[in-house]
Amino acid sequence: MIKVLIVDDSALIRGLLKEVLEQAQDIQVVGAAEDPYQARDLIKRLNPDVLTLDIEMPKMDGLSFLKNLMRLRPMPVVMISTLTQKGSPITLEALEIGAVDFIAKPTINVTENLQRYAHLLHQKVRTAAGARIRAFKETKVEDDSSLTALQFKANSVLAIGASTGGTEAIKEVLVRMPENCPPIVITQHIPPVFSTSFAMRMDRTCKINVKEAEHGDKLQPGWAYIAPGDQHLSVVKKAGGLFCQLDSSELVNRHRPAVDVLFNSLVVACPKATVAALLTGMGSDGAQGLLALNQAGAYTIAQDELSSVVWGMPKAAVELNAANEVVRLDKITAQMLKQAVKVQ
């Protein structure tokens, strides 16, 4: 049984979350707090497995509380977020501090929508309960001069796929990239609006240029292209180079964007010039695509279990023998770049 503590200043939302969560037979709501101070006392007394945490609350905002929590008593947290242009940067900051995942605030619409919301919330709570949690600490990445000196083939491409825990894992990879790195294409399971904020956040944080991919973008060295939150990203080869292609076709592996769509497009466009990495995430999206890339001559990497928040997607790839090697997160950038030097 997964014990959940709800932290939200709205009595209506607390009641609705409790009702939704307890529809699941393996989830028990052990308490509800209306502010972080009450939450702190209940955590000590009830020892919950997972916390759902509102961002905007009285007395202490959710981010400040989360930062204190992840320093002093790290535990799985699912943020209850407003999925808006205003809410997305704050939610991404919460993921940086250590929240496992986030979900929109529930709304009382038609029963069908509430049932869909319940399924998603149950899934996120279960994933959080099994996630690998670390204490929050500020980290500084040192430049690696050996990577800056590498010379890359003009046709080389780096590809990354991720889901739960992926925004921070992708940041770990991108901040180590030198300005002359091969073009990078990225699919992260993330809602619309959030992908825009995520790309902007990465562009401010990294030495390389990072943008949300647009249809027709030509892949350029020193640039990373992140799939928009509601469109599949593919790479197509045309006269003059490689280009981003976006479409809103059917969900793949229950996702749009899907990692398999990106990886499978590279099997057609430039398999032997691709180095691909599958990072932390729930489920198996990307595993079959990584296998197809591997079999077509790409160099493929899976993130290791110890450094993954959720070892689902990389594990699925490892079980398929889709990865040339399994690599710790802080070593993935160097390994991708060293292999990119060798592509045909």
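Student: Which residues does Lys-124 touch, not counting residues up to four places away in sequence?

Tutor: Contact means heavy atoms within 4.5 Å. Lys-124 sits in helix 5 (residues 111-129), where helices (H or I, at least four residues) and strands (E, at least two) are DSSP runs numbered from the N terminus. With residues up to four places away in sequence left out, Lys-124 touches Val-78, Asp-101, Phe-102 and Ile-103.

Student: On what numbering and which atoms do such values rest?

Tutor: This is a predicted model, in which local features need pLDDT of at least 70 and side-chain atom pairs count only at pLDDT 80 or more, while totals for chains, interfaces and linings use all residues.

Student: Is Lys-124 buried or exposed?

Tutor: Buried means under 20% relative accessible area, exposed over 50%, and partly exposed in between (1.4 Å probe, protein chains only). The relative accessible area of Lys-124 is 14%. Lys-124 therefore counts as buried.

Student: How many helices and strands does the protein chain have, and what is its radius of gyration?

Tutor: The protein chain has 12 helices and 14 strands. The globule rule (2.2 Å times the number of residues to the power 0.38, with the radius taken over C-alpha atoms) gives 20 Å for 344 residues, so the protein chain is as compact as a globular protein of that length. Its radius of gyration is 20 Å.

Student: What percentage of the contacts between residues at least 6 apart in sequence join residues at least 24 apart?

Tutor: The C-alpha trace spans about 60 × 45 × 35 Å along its principal axes, and buried residues make up 54% of the 344 residues. Among contacts between residues at least 6 apart in sequence, the share joining residues at least 24 apart is 73%.

Student: How many of the residues of helix 7 are buried?

Tutor: Thr-167 is found in helix 7 and is buried, with a relative accessible area of 6%. Beyond four places in sequence, the contacts of Thr-167 are Leu-92, Leu-95, Gln-188, Ile-190 and Phe-198. Helix 7 also has Glu-168 and Lys-171 among its buried residues. Of its 9 residues, the number buried is 8.

Student: Which elements are included in what covers the buried residues of helix 4?

Tutor: The buried residues of helix 4 (residues 87-97) are Gly-87, Ser-88, Thr-91, Leu-92, Ala-94, Leu-95 and Ile-97. Their cover includes helix 3 (62-72), strand 4 (77-81), strand 5 (101-104), helix 7 (166-174) and helix 8 (194-205).

Student: With which residues is Glu-96 in contact, leaving aside its neighbours within four places in sequence?

Tutor: Glu-96 is placed in helix 4. At 30% relative accessibility, Glu-96 counts as partly exposed. Its contacts, neighbours within four places left aside, are Phe-136, Glu-168, Lys-171 and Arg-201.

Student: Which residues does a cis peptide bond join?

Tutor: Most residues other than glycine have a negative phi, and most peptide bonds are trans. Pro-257 lies in the loop between strand 11 (241-247) and helix 9 (259-269). With omega at about 10°, a cis peptide bond joins Arg-256 and Pro-257.

Student: What is the phi of Val-193?

Tutor: Val-193 is found in the loop between strand 7 (184-188) and helix 8, and at 28% relative accessibility Val-193 counts as partly exposed. Val-193 is not a glycine, yet its phi is positive, at about 75°.

Student: Where is Asn-47 found?

Tutor: Asn-47 has a positive phi of about 50° although it is not a glycine. At 41% relative accessibility, Asn-47 counts as partly exposed. Its place is the loop between helix 2 and strand 3 (50-54).

Definitions and conventions. Residues are numbered from 1 along each chain as its sequence is written. Side-chain values use heavy atoms; hydrogens and water are left out.
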